[in-house]
Every structure is written in structure tokens, then in C-alpha cells.
Amino acid sequence: MSRLFRSNHPFHLLLYLEWILLGVALLTLFVPFPRHHFLLPHITPRGGLRFPLGIFLSILALAGLGLKLPIHQSQKVKALYTCLGFLLCWTTVFMGGRFRDFFTPMLLIVVIRACLLFPWRQRLIVASVAYGSFLVRLMTGVQRIRPFPRAGPPPPWRGRGLSQDLLASLQLRSALLFGLVLVFVLLMVGALLTEHQSRTELAAANQRLRQYALMIENQATLQERNRIAREMHDSVGHSLTAQSIQLENVDVWMATDRAKASDHLAKARSLGKEALQNVRHTVATLRNNPLQGQSLSQALSNLTQEFERTTSIQVQFATHLETPVPREMAAALYRLVQEALTNVSKHSEATQVTIELTEQEMELFLNISDNGKGFLPEKNTTGFGLQGMQERTVALGGLFELQSQPQTGCHIQITIPRLGEA
């Protein structure tokens, strides 16, 4: 049963309103009119009402056409569909009598459906045809006023020549009223279509945004995975390789020089501890939220204090933030400082590090400097720390600048915009 009434109508509310209007029209078919109506009633010679089978079928046909709007069909099919609607409207006029009263609401239904099928130019053409049809029906369909029964007083205008003036006034008012109704229908359905199109475009944009966010998330995950793989290769892999060499030396000197063998064994133990520490550090960087509910300033302060305890490198940390930093940006800044400190401890041979995080004119500035041995940036082809920091900065839409020379330390300045946070 549901398949029988399945509809491709884009606005089921309009379809239901059309059916309600046509249903009311069907009910009026069975309401008897007095014999002496203002207009000639549709009465059989014997005085009884005929069953309006023709108009009944016309109304049902017009209602059924609303189930299958040719929205995705060609312009010719849409034009034929609209012409069929007009033809069903004119059948009410051909029926004669009071059935002509159904002509106007059926015209409005055809105009509403045309608004759903055509752009504005074709809508105006259909509305013009509907208005012209109404005028033709109004000028040719109204019959002469029949005389009232002889019993009772005559109407006040009888014999004064006012009947034609009254008829013309009614025709003019009907034409103006129908024109206003057509304009209202065009504007109402046009606004409804515009709102529906905006919602559709917004839903499509949201879908594209979700897909783009998923793609960025996958790409960021892949970059983070590659970064961790390179870090483990550079740190853990190097430590384990060196440990393997020391263990081989232990095997060589075990029989001839136990002192040297013990020295190599101690070095192998130290390298094993270093590898374990690097593994723990790598696992720690995999946490989803490194801040753990702390503010960025607190998290960075704890990070620098822990760095001082484990490396004996002094850190001067200062922060000047006027507004809180969003969680995603704060986590990225934390990772940047963490990677910078890791690079300092591994490669710089520095004794002091300066970290400053400031905010100015909707931009964040992160400055990291050390007094280490420095290097030539163009010849730095090993490691991944600086590359990872640059990738994180670019992902935030920021700018990564590095200055370093041998024996002059290293200075990094990162600028990140805070646009669009509100």
C-alpha cells in the first residue's frame, strides 16, 4: 500500500494542502444550492441534482498528478504536464453551472506545481497563462442575473439600470483579488524553494566538511605515525645498534680482558636504559590530550621542570597570554615545545634554553633559543625533529622560522594566527 502512494513530491506539506483543497471542493459537490441562486444553478429539467461524475474524475485526476511531479524530466515533459493541468481546470468550465466555481482553486494548484518544476521565468509565464484563463472565464462565464421570484418585494436595483454596473464591479474585484493571490503564491513558494535549496546546499557543505575533516584527520594520523617511526628509528634504533656493538665487544674481551669486558657491558646497560627511556617518551607522545586538563601555561611549566630534572639543562620559561588557547591549538603548541626540548637534549649540547610564548594582535609567538653548538640548516639532513615541528606549524596555518650557525646556538620562531576562534 505504501508503494502505491509513494510520491516524489519535494514538499509533502504542499501536496497535503492541495489534497485538502480538492477534498473540500469534492464535498461542495454534494451540497444542494437553492433553485433561485444568484447564478444559474446546475439543475436538471426535473429539478434534481445530477451526480457530478465528470468533475469528480477531473478533481481526482488533478490530485493524482501531484503524486508524480516530473521534476527530473525534460522541459517538454514538464510543459505537457502543466498543459494537462490546465486542461483539467477547463473541464470544470465545460461542465457549466456551479462547477465553474472549482476553476479558480484548480488554477492555483497548477501554478503551485509549476513553481516546483520551472525557474522564475517559466513560473511567470505559467502564472500569466493562469491569470489570462481566469480573466477569460470571468468575462465569458458569468451569466446574466436571473429575476427574483414574483413573490415578495423587488430588489432595490431593479429597474434602475444598476445590474450591469454591479456585475462589472464584481468582475474587477475578482480580477484584482486573483492577481494578488497569484503574486502571494509565487512569492510564498519561491521563498519555500529558496529555503529548501539553502538547506540542501548547507547539508552538502556540511557533508563535504565532514569528509574533509576526516581526510585531514587521517593525514595527520599518518604524519604522526611516520614521525614516531622516524623517531624510533633515530633514537631507539641507534641505541639498540650501539648496544649490540658493545655486547659483541663484551664477547670479544670476556676471555682476555675482563676489565674491558665489564666496561663494554656497562655501556651496553646504559644504552639499554636510554633506549627504554626513548620508548617511554615515544609512548607518552601518543596520548590524545597531553595537557590532561591543565592550562597550556601550567603544562609547559611542568614540562620544562621535568626537562631540567632529567637533563640538567636550565630552562627559562615565560608566557604572556591574554586569552585562553583552544584545546587543539594548545596541544599542538605543547608538542612543538616538547619536540624542541627533545632536539636540544639530543643534538645541541646546550646548557641553557629560553622559551617564550606571547600573544599579540590575534597571533601567537613561540620563541625557542639555546646556547648549543648550532648547525648549518641547509646541511641538516639527519633526524626528523625540525621537520616534524615545521609540519605541525603548517598544519596550524602558521609560519616556522629557524636561525642557526655553528657555535652560535639555534633560534626558532613560530607564528600562529588565532583567526576564527570566536
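Student: Hi! At what angle do helix α10 and helix α11 pack, and how many Å apart are their axes?

Tutor: Helix α10 (residues 327–348) and helix α11 (residues 385–395) pack at about 165°, and their axes are 9 Å apart. That makes α10 roughly antiparallel to α11. This is a predicted model, where local features need pLDDT of at least 70, side-chain atom pairs count only at pLDDT 80 or more, and totals for chains, interfaces and linings use all residues. Residues are numbered from 1 along each chain as its sequence is written, and side-chain values use heavy atoms, with hydrogens and water left out.

Student: What do "axes" and "roughly antiparallel" stand for here?

Tutor: Axes are lines fitted to C-alpha atoms, for helices over the stretch in contact, with angles from 0 to 180 degrees between N-to-C directions. Angles under 35 degrees count as roughly parallel, over 145 as roughly antiparallel, 65 to 115 as roughly perpendicular, and the rest as oblique. The helices (H or I, at least four residues) are DSSP runs, numbered from the N terminus.

Student: Is the crossing of α10 and α11 left-handed or right-handed?

Tutor: Left-handed: the near helix is turned anticlockwise from the far one by less than a right angle, while clockwise would be right-handed.

Student: Which residues make that contact?

Tutor: From α10, they include Ala-332, Arg-335, Leu-336 and Glu-339, and from α11, Leu-386, Met-389 and Arg-392 are among them. Contact means heavy atoms within 4.5 Å. By class, the contact of α10 with α11 has five nonpolar, four polar and three charged residues. Ala, Val, Leu, Ile, Met, Phe, Trp, Tyr, Cys and Pro count as nonpolar, Asp, Glu, Lys and Arg as charged, and the others, Gly among them, as polar.

Student: And how do α9 and α10 cross?

Tutor: The axes of helix α9 (residues 296–311) and α10 come within 10 Å and cross at roughly 15°. That makes α9 roughly parallel to α10, and α9 passes α10 in a right-handed crossing. Among the residues in contact are Leu-300, Leu-303 and Phe-307 of α9, with Leu-333, Tyr-334 and Val-337 of α10. The contact of α9 with α10 divides into eleven nonpolar, four polar and no charged residues.

Student: New topic! How many cavities of 30 Å³ or more are there?

Tutor: The count comes to one, and about 60 Å³ of space lies in the largest cavity. On a 1 Å grid over the protein atoms alone, a cavity is a set of points where a 1.4 Å probe fits but cannot get out, and lining residues have an atom within 4 Å of a point. Grid points are joined across faces, edges and corners, and a volume is the space filled by probe spheres set on the points.

Student: Which helix gives the most to its lining?

Tutor: α4 does, with four residues. Helices α2 (53–65), α3 (75–95) and α4 (103–117) each supply at least two. Leu-62, Leu-65, Tyr-81 and Arg-113 are among the lining residues, which divide into six nonpolar, two polar and one charged.

Student: Where is Leu-65, and what does it touch?

Tutor: Leu-65 is in helix α2. Not counting residues up to four places away in sequence, Leu-65 touches Tyr-81, Leu-84, Leu-88 and Arg-113.

Student: Last one: how do α2 and α4 cross?

Tutor: Their axes come within 11 Å and cross at roughly 15°. α2 and α4 are therefore roughly parallel to each other, and their crossing is left-handed. Leu-62 and Leu-65 of α2 take part in the contact, as do Val-110 and Arg-113 of α4.

Terms used
1 Å grid on protein atoms, 1.4 Å probe; cavity = no way out; pocket = protein on both sides within 12 Å on 5 of 7 lines; lining within 4 Å.
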